[in-house]
Amino acid sequence: MARSLNHPAWLGISRAVGGALIFSLPMMMTMEMWEIGFYVEPLRLMILILVSLPLWVGVSSIIGFEETKTLGDDILDVLVAYAIGFITSAFVLLALGIITSETGPGQIFSMLLLQSVPGSLGALLARSLIGSDSQLKFEQGYHQELIILITGSLFLAFNLAPTEEIILISYKMHYWHMFILFLFTLTIMQMFTLSNPDVPSGSLRQWRTHWQLFVRFTSTGYMLAFVVSLFMLWALGRTDGENLGNIINTALVLSFPAGIGASAARLIV
């Protein structure tokens with residue numbers, strides 16, 4: 001897509017700031033996210049950033065706060081989005097009194113870098129969240145659909161992975177609870193898949209279409225959500241000191257919101 005000349009640059013930046021706030025405010029006002037910024041391992045934080053960078057480039061190629069036509073444009077948009085997420089997080093955390101004169105520089109940098117991940121995603125999705133450009137609707141390849149699935153699951157997993165409640169719920173659940181949650185998650189995801197406006201309503205009369213959509217998007221989306229959940233739990237230190245069974249149970253619990261995020265993202269982007 002070519003760069004749009006219809007809107008001034010400041011409008012794209014304003015939308016990006018709004019998108020960053022929409023996506024990152026719930027986490028910036030959560031105690032667990034402040035604490036993780038204090039003790040998260042730098043290596044894990046850098047791996048999280050390095051994993052998100054190519055994914056965000058893919059998001060930018062689909063929809064960003066500006067229209068792009070080259071890989072260089074997408075990379076530039078992602079870097080600008082990270083800068084917007086970083087700066088916006090700094091202003092909000094300062095205003096809320098989370099960052100003070102007593103907070104160490106390393107802690108501040110880790111906290112802001114962590115917050116810039118969801119903030120930068122919100123900045124990239126600003127046109128979809130806030131704008132109304134009709135040019136955003138175009139034919140998407142399957143690899144772009146997979147990018148959307150991963151992005152949606154990463155966003156909701158990022159929101160909930162730091163919380164103690166996810167681990168507490170996994171401890172309280174029995175195996176049959178896990179199985180019911182697994183089936184319920186797939187059911188909700190399939191409902192989102194079938195609700196996609198790109199699916200012709202006439203084809204839904206055929207069970208073959210339901211099965212194809214289940215394999216292509218719902219089951220694939222769940223597997224991606226599970227992998228994303230495992231990764232986020234590890235990156236945020238939630239797997240430390242846990243045995244494999246507890247880790248898998250926690251990932252299954254986190255896959256519930258992550259899977260819904262994956263399926264819902266296809267309706268938003």
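Contact here means heavy atoms within 4.5 Å. This is a predicted model, in which local features need pLDDT of at least 70 and side-chain atom pairs count only at pLDDT 80 or more, while totals for chains, interfaces and linings use all residues. Residues are numbered from 1 along each chain as its sequence is written, and side-chain values use heavy atoms, with hydrogens and water left out.

**View 1. Surroundings of Leu114.** Not counting residues up to four places away in sequence, Leu114 touches Met33, Ile36, Gly37, Leu45, Leu48, Phe158 and Leu236.

**View 2. The largest nonpolar core.** A nonpolar core is a set of buried Ala, Val, Leu, Ile, Met, Phe, Trp, Tyr and Cys residues joined through side-chain atoms within 4.5 Å; buried means under 20% relative accessible area (1.4 Å probe, protein chains only). The largest such core has 48 residues, and Trp56, Val59, Leu114, Val117, Leu121, Phe158 and Met232 have the most contacts inside it. Its largest share, eight residues, comes from helix 3 (residues 42-62); helices are DSSP runs (H or I, at least four residues), numbered from the N terminus.

**View 3. Helix 9 against helix 10.** The axes of helix 9 (residues 175-194) and helix 10 (residues 207-235) come within 9 Å and cross at roughly 120°; axes are lines fitted to C-alpha atoms over the stretch in contact, and angles run from 0 to 180 degrees between N-to-C directions. Residues making the contact include Phe182 and Met189 of helix 9 and Phe214 and Tyr222 of helix 10.

Technical notes:
Buried < 20%, exposed > 50% of the residue type's maximum accessible area, 1.4 Å probe, protein only. Helix = DSSP H or I, 4+ residues; strand = E, 2+ residues; numbered from the N terminus.
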